[in-house]
Amino acid sequence: MIVSIAVAFNLLLLPLVTLGFNIFAENNEHHNFTASYPYKIINGNLYRIDDGSDNDARPGPSHDTQQYRTSPNARQDSRQKSVWDFISTFDSYKTSASYTNVNGKPTLTKFKYIIVPIWWSDMDTSDPDNAMDPDKVLESFIYNQQYYIDMSWGILPNGVTYQALEQQLFTVSSEAPNFGETDQSTRDLLDSKGFVKGVDYDGICLMYFLSQSGPFSGAGGWGGVNDIFFWSTYPGWGDVTRHEVGHNFGHPHHLSDSYYYRNTRPSAGEETVPYDGFDMMSGGNGYEVSDIAAASKWFFNWIPDSSIILMQPEGPTTECPSCTSSGTFTLRPFDDRLLPPSPSRKMGIHIPIEATDGTLYSYWFSYKIGVDGKAANGLTVHLSWFDLGGYFGASYDSINFDAFGDTDSTFDSFVVENTCYHLRPPLYLKDRAYAAALQVQPVVCVDSIDVGSSITVSVSFLDEENLPPPQVQAQEVDLACRNSGSNTGLLTLSSNTYNLIHVDNVGENGKIELEMCTRTGGIVKGYFYDSYPHSVMTYGSEAAYGSYDSILTAKVCSSTTKTAYKNDGYGETYILIPPSSPGSTVDVKASCTFNGQCLKDFYLSNGTCERCPNGQSSPPGSTSIRACFSEADYVSKRTQCTNSCNAENYCCTVGSGGCNVLPCNEGCHIAYFSNSIEECKAECTRGNEASCEYEGSYHEPIAHLGYTPGYPNYFGVDKCWGSARCGCPTDDSFMNDCGQLACARGCELFETVLPPPTAPTPTAPTPTPPTPTPPTPTPPTPTAPTPTAPTPTAPTPTAPTPTAPTPTAPTPTTPTAPTPTTTSCVDSPLRFKVRKDGKMITRSCVWVATRSTNLRCKFEGVKTMCPSTCKSCSEATCVDATSRLQFIYNGRKATRDCTWVGRKDVINRCNVNGMKDTCRKTCDESC
């Protein structure tokens with residue numbers, strides 16, 4: 001399908017032209033150019049398109065990763081099973097000639113480049129200044145041959161080998177050459193000389209003089225990620241070639257877990273997010289020793305399974321009998337060239353999180369001593385992911401946990417000795433595997449470090465339902481955001497204690513501001529977190545651990561220091577002000593505004609963002625629980641509808657196509673979210689009239705399920721791409737999917753084969769209303785006149801007699817008496833106060849239903865708030881909930897209980913939205 005391309009530059013050697021576009025530029029310089037087929041630029045990255053003819057390109061989710069499309073939320077209970085089932089397929093992807101069998105496992109043992117030095121077609125080949133010195137052509141490859149031997153401990157026995165051609169006159173000029181034509185021209189040149197890929201060479205390096213413009217006008221190189229081609233300016237340099245080969249071996253640039261990601265999400269945002277900084281894929285750094293990650297060495301089988309510790313919250317299972325849920329371990333450096341791995345020399349801890357869409361997400365702990373020793377004083381922690389397919393079997397990417405996240409520097413990334421670090425799920429992971437991210441939360445404590453030799457760590461998992469006693473006690477303040485804005489007012493806090501401000505209901509792009517000053521002098525610092533700061537509060541570690549920003553003030557009131565913080569969109573932010581100058585006080589004011597916009601998989605309810613129940617999904621900005629839908633149901637119905645399309649020679653299987661029209665299977669998608677077939681067809685017409693890229697509706701919530709080849713860089717449907725991309729034959733024949741009515745046919749097939757789930761709903765209640773009506777008139781008619789007929793003198797009393805049946809008319813309505821009982825057994829829609837782990841928190845019944853339901857139902861007051869979820873209907877019928885409730889009253893947010901509702905003005909108070917389903921005894925007259 002598509003293969004990423006990355007670029008490396010070295011400013012120390014040749015100057016770069018500063019233009020207007022950044023594509024993986026090591027120095028953050030900019031290059032402005034237009035990519036050409038088979039390359040495409042998406043969100044600042046260059047992708048190689050698979051048109052079906054290139055076996056080096058990465059297979060997309062419409063092929064061999066189809067089985068892992070199932071929603072992660074639909075598989076929470078089998079999370080670990082799906083993970084290990086997925087990992088068991090890894091070796092089946094290592095099929096290229098560069099892998100050989102070593103001890104029963106495919107191992108990366110060889111890779112040979114053919115170097116093609118060129119003159120551009122408009123260069124003077126007789127000019128000595130345009131001639132390339134053969135020794136300089138080879139220089140960087142000689143360096144890298146030994147580097148890769150050392151990095152693999154000789155498992156890549158000859159390193160990266162090479163062969164260079166004589167300098168060739170190219171068919172492309174120096175005037176704005178592009179990736180596509182230089183790639184193809186090089187392959188054509190090699191074919192014309194009889195070189196055979198896989199026999200004479202594995203990879204290609206095109207070496208050139210700087211072009212006049214375009215991507216090759218700057219010094220450095222470009223490398224295809226998980227590909228066999230890279231471009232290099234002449235002369236090549238050791239660390240740049242090392243880096244570009246790393247791209248070919250499956251590595252994009254590795255970044256850090258940074259606050260700035262939220263400004264570019266869902267793309268990683270390389271133009272703003274800092275590099276990891278401590279491996280050779282972090283911007284082409286020039287450290288003498290700067291290896292690929294331990295996880296990559298494991299994938300290539302340079303580090304064997306016996307040197308990796310496997311962990312998961314479940315502990316040992318059938319799928320992973322060697323897994324453990326806790327323990328103390330000693331790790332050795334994975335970049336020590338002199339000491340190779342062995343069963344007694346553990347080099348990494350692997351904690352898988354989720355397998356979805358052909359990608360495995362994991363946490364990796366490791367210890368490194370290279371990079372000039374800058375990492376040797378702490379533990380390295382990464383969120384890593386393998387994306388299966390392509391020449392090397394997978395691409396590998398990661399973000400480095402910047403432990404001291406309140407600074408812009410990554411030199412304080414490492415977990416230091418005698419501290420514990422809780423891996424709160426990073427935003428990048430929450431955006432892709434939210435449920436699994438909450439299930440797998442490791443805590444790692446660095447017990448000791450023998451600098452340069454080993455690190456000893458203790459690892460366990462955070463169980464939010466059974467937390468250890470907190471190490472730190474704090475004065476807590478709650479702040480709930482409203483559309484109109486809200487604030488804490490001026491708080492005067494003691495600098496002798498920890499002070500924690502919990503900002504709730506922030507929503508997507510909600511704005512939080514904090515201002516501080518000291519009353520008695522000194523320096524005060526505050527830290528911002530996207531979730532509860534367990535590293536600090538629960539485990540007593542550094543206040544900066546897990547934070548994303550900070551504020552520092554030495555200003556004496558009434559002058560203040562102010563800062564703004566952008567929440568990650570998942571609803572809450574914590575601000576911690578730890579102790580500072582003894583005996584001093586600090587004035588603090590926090591304010592926030594909720595913009596009314598909820599994230600994907602959330603919906604707006606009573607002014608707050610609630611997560612869809614039972615793992616369901618919803619598009620961003622949803623304003624009702626009705627927007628929530630089941631991903632498993634969607635996948636099932638779309639699959640059946642797509643099969644029906646395929647049976648009628650509509651060949652596309654995913655959201656892509658050709659001929660600038662929407663394919664039949666896109667009609668299946670639109671139909672699922674339409675209220676009628678007419679609405680579906682109207683949207684098909686609108687989509688056909690759109691440009692080559694149609695975004696439509698409800699594409700973002702389903703993009704990760706595998707139907708969107710451009711994900712995560714693009715959510716919509718590409719209507720103008722090659723046929724192989726959409727699942728059709730590779731000869732660019734779209735069969736019936738080229739027709740203007742293809743999408744409309746999908747609407748019809750969905751209607752016929754898969755009736756919408758809402759269709760049966762109206763018919764269910766229809767029989768019940770007629771039931772009481774027929775018996776009502778029939779009994780009174782004969783009985784009323786019969787007894788009164790014998791009494792001739794009393795017609796007057798008999799007149800009321802026929803009206804006597806009128807009171808009996810309500811009798812049939814008595815079946816509706818159970819209605820209050822039915823409504824009383826629904827969950828309250830209101831948020832409520834509940835005590836958890838000694839702390840009073842504000843939650844909803846959706847929170848109770850999301851996970852650990854049996855345990856949460858045992859919390860005080862929950863059964864009367866959530867009788868449907870807790871199956872406690874008998875305990876809640878005609879019973880007031882006992883918890884304190886949060887609701888909007890007279891335009892203001894109030895926190896009260898049912899006693900307040902019944903005290904006065906009962907009718908108006910019971911009419912507050914959700915109150916009748918909460919204060920049932922007070923508000924229901926039938927009780």
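The side chains of Lys-297 and Asp-291 form a salt bridge, with N and O 2.9 Å apart; the term stands for a side-chain nitrogen of Lys or Arg within 4 Å of a carboxyl oxygen of Asp or Glu. Both Lys-297 and Asp-291 are buried. Buried means under 20% relative accessible area, exposed over 50%, and partly exposed in between, with a 1.4 Å probe and protein chains only.

The model is predicted: local features need pLDDT of at least 70, side-chain atom pairs count only at pLDDT 80 or more, and totals for chains, interfaces and linings use all residues. Residues are numbered from 1 along each chain as its sequence is written, and side-chain values use heavy atoms, with hydrogens and water left out.

**Salt bridges**

The structure holds 22 salt bridges, and three of them are listed here.

| Pair | N to O distance |
|---|---|
| Lys-297 and Asp-291 | 2.9 Å |
| Asp-91 and Lys-94 | 3.1 Å |
| Lys-681 and Glu-748 | 2.7 Å |

Asp-91 is partly exposed, at 27% relative accessible area, whereas Lys-94 is buried, at 8%. Asp-91 and Lys-94 also belong to a network of salt bridges with Lys-105 and Asp-305.

Lys-681 and Glu-748 meet in a salt bridge. Lys-681 lies in helix H11 (residues 677-689) and Glu-748 in helix H13 (residues 742-753), so the pair ties together parts that are 67 residues apart in sequence. Lys-681 is partly exposed, with a relative accessible area of 30%, and Glu-748 is partly exposed at 25%.

**Helix H11**

H11 has 13 residues and reaches 19 Å from its first C-alpha to its last, close to the 18 Å expected at 1.5 Å a residue. The expected span is 1.5 Å times one less than the number of residues. Buried in H11 are Ile-677, Cys-680, Glu-683, Cys-684, Gly-687 and Asn-688. Seen down the helix axis, the buried residues of H11 fall within an arc of 140°, so they line one face of the helix; the arc is that of the directions from the axis to the C-beta atoms. An α-helix has 3.6 residues a turn, so residues three or four places apart point the same way. The face of H11 turned away from the buried side carries the exposed residues Glu-678 and Glu-689. The buried residues of H11 pack against helix H10 (664-672), strand S34 (693-694) and H13.

**Chain and cores**

The chain has 28 helices and 39 strands. Helices (H or I, at least four residues) and strands (E, at least two) are DSSP runs, numbered from the N terminus. Of the 927 residues in the chain, 57% are buried.

A nonpolar core is a set of buried Ala, Val, Leu, Ile, Met, Phe, Trp, Tyr and Cys residues joined through side-chain atoms within 4.5 Å. The largest one has 83 residues, and those touching the most other members are Ile-349, Tyr-363, Phe-365, Leu-379, Leu-383, Val-503 and Leu-514. Not counting residues up to four places away in sequence, Leu-379 touches residues including Leu-331, Phe-365, Phe-414 and Ile-455, where contact means heavy atoms within 4.5 Å.

**A loop residue**

Pro-235 is found in the loop between strand S11 (229-233) and helix H4 (238-248). Pro-235 counts as partly exposed, at 24% relative accessibility. The C-alpha atoms of Pro-235 and Met-132 are separated by 8.0 Å, although the two are 103 residues apart along the chain.
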